[in-house]
Amino acid sequence: ITEDLWGRLYIGTGRGVDRLEVTTGHIKHYTSADGLVNGEVRTSFRDRQGRLWFGTTRGLSRFIPEPDSPAPPPPVLIGKLHINGVAYPVSELGESNIPDLRLRTDQNNVQIDFFALSFSLGEVLRYRYRLDGADRAWSKWAEQRSINYASLRPGNYRFQVEAENSEGNTSPLPATVSFMVLPPIWRRWWFLGLAALITGSVLAGAYNYRVSYLLEMERMRTRIATDLHDDIGSSLSQIAILSEVVRQRLGPIEAGICEPLSRIADISRELVDSMSDIVWAINPKKDLLGNLTPRMRRFASDVFTAKGIAFQFQTTLPEQEIRIGAELRRQIFLIFKEGIHNIVGHSGCTSARVGFLFDSGFVILTLDDNGKGFDSSQASLGHGLANMRSRSEQLGGQLTVSSQSDLGTTITLRVPLRSSRILR
């Protein structure tokens, strides 16, 4: 061990000479590459002029130390670039910036070699790097001068590398490589835009077709309802009226002819009533839940009043109009009519109650009477109740019948309005 005039220690080893900065702890290494004679250092001393001498097993070396001057920051350059193992043309002297490379989707393996320049004796350079778009932070300082990125995802990337000398000075500017790995064709903006345009066109066409179809269906329903009402309905009314006129003119003498004429008039009036129901069911102007209430009330009033049965009709519907389909409206009304006929024909009641309300997306219809009832655990469902239950199942609803002998009968229908629209 020896010391120079500036207090720096020089330590001879089997691998050369190490200079130790006592104040900072920084070590600088000298080898045969710096002019030191090969071999293990056996002796070292400083003469009167401040020169240092090192004796090795193979010879003698003289070193004239000088005060340290700040080393310039080392410039860093890109030396080589390989894409999927194929060399990309780079200058023999290195390049500080390689911009705007466009790589195919399968060219996603990139290897980058880099180096820095320093002319100080014993200088050891270290490097750090970062790939914007893949790395979150800079790598640790190391002497490694090559990096490989494999299986990069499609996107924009910018590689940066800096060099640092032994005094901690870093490169004034990082060397950079900017490139983009192109996405597959089906992920590129023009393909996505074209797919969105085609999809939008198809959806718009389907929507326009459906709107046209619904409008045509509504016109057809309106036309059929008008034709049934004006032509067939009026013709049946004429048949009933003419049959009644003929029956009255014949008088009691022709009793054998009057009875069939009376039957023809009755059948014609029944057909007029049925035709009225059909016209009402297919009329698109009646496709509102609120249109059920007046027709149900009128039907119940006609039937119960004719039989001398007192009845109450209670309804609770939302303020907003709810549009329902013709089939749903028709089936609910037919279930209601069948229930009224059952009450009038079989219950023997003196009073009845009808409840019709809308609650949490369900239509709830309740028919209640104080008639003789029946034992629901023993009696089988009649043809009318079976039809009502079958219609409710077609609507995805539920029909319950509760009855006891001499305590009356309650029929409850609960139907969901899944495909209905609320009109503000």
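This is a predicted model: local features need pLDDT of at least 70, side-chain atom pairs count only at pLDDT 80 or more; totals for chains, interfaces and linings use all residues.
View 1. The protein holds five helices and 22 strands, and 34% of its 424 residues are buried. The protein exposes about 25800 Å², of which carbon and sulfur atoms supply 54%.

**View 2. Asp369 as a buried charged residue in strand β19.** Asp369 belongs to strand β19, which covers residues 362-369. Although Asp369 is buried, this residue has no salt bridge, and the nearest side chain of opposite charge, that of Lys372, is 10 Å away.

**View 3. The surroundings of Asp369.** A polar atom of the Asp369 side chain lies 2.8 Å from the backbone nitrogen of Gly371. When neighbours within four places in sequence are left aside, Asp369 is in contact with Ile343, Ser347, Cys349, Ser351, Ala352, Gly408 and Thr409.

**View 4. Val415 and the residues around it in strand β21.** Val415 is found in strand β21, which covers residues 408-416. Val415 counts as buried because its relative accessible area is 0%, and the cut-off for this term is under 20%. If residues up to four places away in sequence are not counted, Val415 touches Leu328, Gly361, Phe362, Val363, Leu395 and Gly397. Val415 and Gln398 are 17 residues apart in sequence, and their C-alpha atoms are 6.6 Å apart in space.

Definitions and conventions. Residues are numbered from 1 along each chain as its sequence is written. Side-chain values use heavy atoms; hydrogens and water are left out. Helices (H or I, at least four residues) and strands (E, at least two) are DSSP runs, numbered from the N terminus. Buried means under 20% relative accessible area, exposed over 50%, partly exposed in between (1.4 Å probe, protein chains only). Accessible areas come from the Shrake-Rupley method with a 1.4 Å probe; for residues, only the protein chains shown count as cover. Lys and Arg count as positive and Asp and Glu as negative; His and the chain ends are not counted. A salt bridge is a side-chain nitrogen of Lys or Arg within 4 Å of a carboxyl oxygen of Asp or Glu. A polar contact is a pair of N or O atoms within 3.5 Å; within protein, one must be able to donate a hydrogen and the other to accept it, and residues adjacent in sequence count only if both atoms are side-chain atoms. Contact means heavy atoms within 4.5 Å.
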